[in-house]
Number of protein chains: 2
Amino acid sequence: MEKSGWSELELIKLFADCGRGDDSSGLIKGIGDDCAVFENLSGSDWVTTTDILVERVHFDRSWHPPRLLGRKSVAVNLSDVAAMGGVPRYALVSIALPPTIEHQWISEWHRGVMEMLGAHKCVLIGGDTATSEVLTINVVVIGSVTTAHALMRSSAQVGENIYVSGTLGSAGAGLEICRNEDLFSSIDETCLAPLRRQHLDPEPEVALGKLLGRSSMVGAMQDLSDGLATDIAHIAEQSGVGAEIDAAALPAADGLEPVCRILGTPVASMQVSGGEDYKLVFTVKKQKDAELISVIRECGMEPVHRIGRIVADPGVRLKVGSKWQDISFQGYEHRG
Amino acid sequence: MEKSGWSELELIKLFADCGRGDDSSGLIKGIGDDCAVFENLSGSDWVTTTDILVERVHFDRSWHPPRLLGRKSVAVNLSDVAAMGGVPRYALVSIALPPTIEHQWISEWHRGVMEMLGAHKCVLIGGDTATSEVLTINVVVIGSVTTAHALMRSSAQVGENIYVSGTLGSAGAGLEICRNEDLFSSIDETCLAPLRRQHLDPEPEVALGKLLGRSSMVGAMQDLSDGLATDIAHIAEQSGVGAEIDAAALPAADGLEPVCRILGTPVASMQVSGGEDYKLVFTVKKQKDAELISVIRECGMEPVHRIGRIVADPGVRLKVGSKWQDISFQGYEHRG
């Protein structure tokens, strides 16, 4: 394996070639000064979020391809912007790297970062680089949202139905597959691949988030990062309501059942406690379900799935068969 | 020493009690949702910057008091905003902590962060926490600047004089003192204390930066983080000009000479190559020197020091005695 002796200056140059944006981006100055400078955007508020990713806690370099890790470093932040109904505009990307890391790793990771930013017209405007024995990534995304239209966690109302935008538990199952491929060799690769990809290379729901933000038909929304049990509990708690989820209604990828069987984990547990699906969970205002579902279909987007409803009684309950169980905050916690 | 077993939730709660801002802050939603949300600010552009601080590369926990490290984590970013002529508004603070760290350390560090933010009316609106074997801090500051008035590095003009806002080399000398106190026991504590403090607890030049930004009398500006030799080289390179600095004009704290004598380092070397002074270096538009100096005095601020001038010939040259030497980019690089 090639040793790099990468220098901070080299890395800064790698990034400095990007981040200029086009004329419509509102960017006045990108990378290369003390600060990046950008204009106000008429008719909008700003949203901003940050995630820190630490090697061996949030990712494992031994099986996470650097390009996909670059994409995911950005995607997890884009997902937060999507969850506000926002449009990503600018990103700041910082990385602390072990001195021994290969050039190839850095350039692949960087390629992934730029791919994910580019796909969502999000302009890299700053960041920082450093040396560290533990590879650490910090990304910030700044987005815009129509003035006074940010979709908060705190606005769910009793009687609203709860929806998710895709399958649940896939990323949690994918993580188990990546950790121990041999365990799942009896399962067909066409079943394993989508689960693995959901962990390694999640696609943030930016287009759907934007549509839901503009629809005026959504009550509360957030993204699924810590597992449904925890994420819906945030909505319930902050809205002063409760949530009832029907396990039978939770959408699952084809491979989830055989993987869970090998793990000895109930499918529903993986779906409510597995983290990092980066789908959206949201409530729909009363009597708006049919209209919203029709708008989503007309826009050519994947259908969303009704999984439960908002109730007055606090807490989050899951119905499995005919039994109810309390699952509030029973989500995923990163190791370590 | 008490072991903590701190939890992420506990840390989030520590931070969640802050960050609400007052009515004038433009903050719509602080910590507690997927993103923070803030309003446009009429008549302003936005500036933003980020710094990643890694244990044993950027700071040493064995002698850096946590409260002062918290202050400095924020200060280095406020300094970048000051260098654009901006006003700090919002901050995102992330920290990855070893699982064994003491509660006391975290709460002292947090106190320092909030002190420094509070002193500059900068509102904490987000962040992230994680576990890591290497203590790592990432801070982002978002500030505002009068529309089209951000002070770039690229606007220095031939014939302008170069100024700095305080003593140079103090932080570099302070770092040496912190690393090896015994070496300097012959020097009076009244000489050592200001140097040590300049490294441990630098005060960002926010008020001066704001005044200079609004004065319309400054050409180019940046903050002194990598040492004058590198920082002024950025201004020269980006402005397509050169800089001549007079070593005899570089302001020094009282303790600098005796400390440098013990280190065997020429005073001028420490002044141009020692990093992290977090003063401002700027050029003053032609024929505006007297007026600007008078405005600074009238505002009750510390006097600034003329140290050289912008010339057509590229590069940065330092005059020591009657000899010139090239010092372009001969600044400080963090260890590791």
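Biologist: Which residue of β6(A) does A:Asp51 stand opposite?

Modeller: Bear in mind that this is a predicted model. Strand β3 (residues 44–54) of chain A pairs with strand β6 (residues 136–146) of chain A in the antiparallel sense, over 11 bridges. Within β6(A), the residue opposite A:Asp51 is A:Val139.

Biologist: Okay, and which strands are at the edges of that sheet?

Modeller: The sheet is open, has six strands with mixed pairing, and goes β5(A)-β4(A)-β6(A)-β3(A)-β2(B)-β1(B). On average, neighbouring strands are turned by 20° against each other, ignoring direction. Those that pair on one side only are the edge strands, β5 (123–131) of chain A and β1 (27–29) of chain B.

Biologist: What angle does helix α2 of chain A make to β6(A)?

Modeller: Helix α2 covers residues 66–82 of chain A. It lies across β3, β4 (87–97) and β6 of chain A. Its direction relative to β6(A) is about 30°.

Biologist: Back to the strands that cross between chains: which residue stands opposite A:Phe38?

Modeller: Here β2(A) pairs with strand β3 (residues 44–54) of chain B, in the antiparallel sense and over four bridges. A:Phe38 has its opposite number in β3(B), and that's B:Trp46.

Biologist: What kind of axis relates the chains?

Modeller: Chain A superposes on chain B by a rotation of 180° with 0.0 Å of shift along the axis, at an RMSD of 0.0 Å. That is the relation of a two-fold axis. As for the interface, 100% of the interface residues of chain A are interface residues in chain B too, so the copies meet through the same surface. The axis you asked about, then, is two-fold.

Biologist: Which element gives the most to the side of chain A that touches chain B?

Modeller: The contact involves 49 residues of chain A and 49 residues of chain B. By class, chain A's side has 22 nonpolar, 16 polar and 11 charged residues. Elements giving two or more residues to it include α2, β4 and β8 (218–223) of chain A. The top contributor, with 10 residues, is β3(A).

Biologist: Last one: which residue with a positive phi follows α3(B)?

Modeller: Helix α3 (residues 103–119) of chain B has 17 residues and reaches 24 Å from first C-alpha to last, close to the 24 Å expected at 1.5 Å a residue. Among its buried residues are B:Trp105, B:Trp109 and B:Leu117. After α3(B) comes a residue with a positive phi, near 50°: B:Lys121.

Terms used: Residues numbered from 1 in each chain as written. Chains lettered and ligands numbered in written order. Predicted model: local features only at pLDDT ≥ 70, side-chain atom pairs only at ≥ 80, totals over all residues. Pairing = 2+ DSSP bridges. Axes fitted to C-alpha atoms, helices over the stretch in contact; angles between N-to-C directions. Contact = placed C-beta atoms within 7 Å. Least-squares fit on C-alpha atoms with pLDDT ≥ 70 in both. Nonpolar A, V, L, I, M, F, W, Y, C, P; charged D, E, K, R; others polar. Expected span 1.5 Å × (residues − 1). Buried ≥ 20, exposed ≤ 12 C-beta atoms within 10 Å, placed from the backbone.
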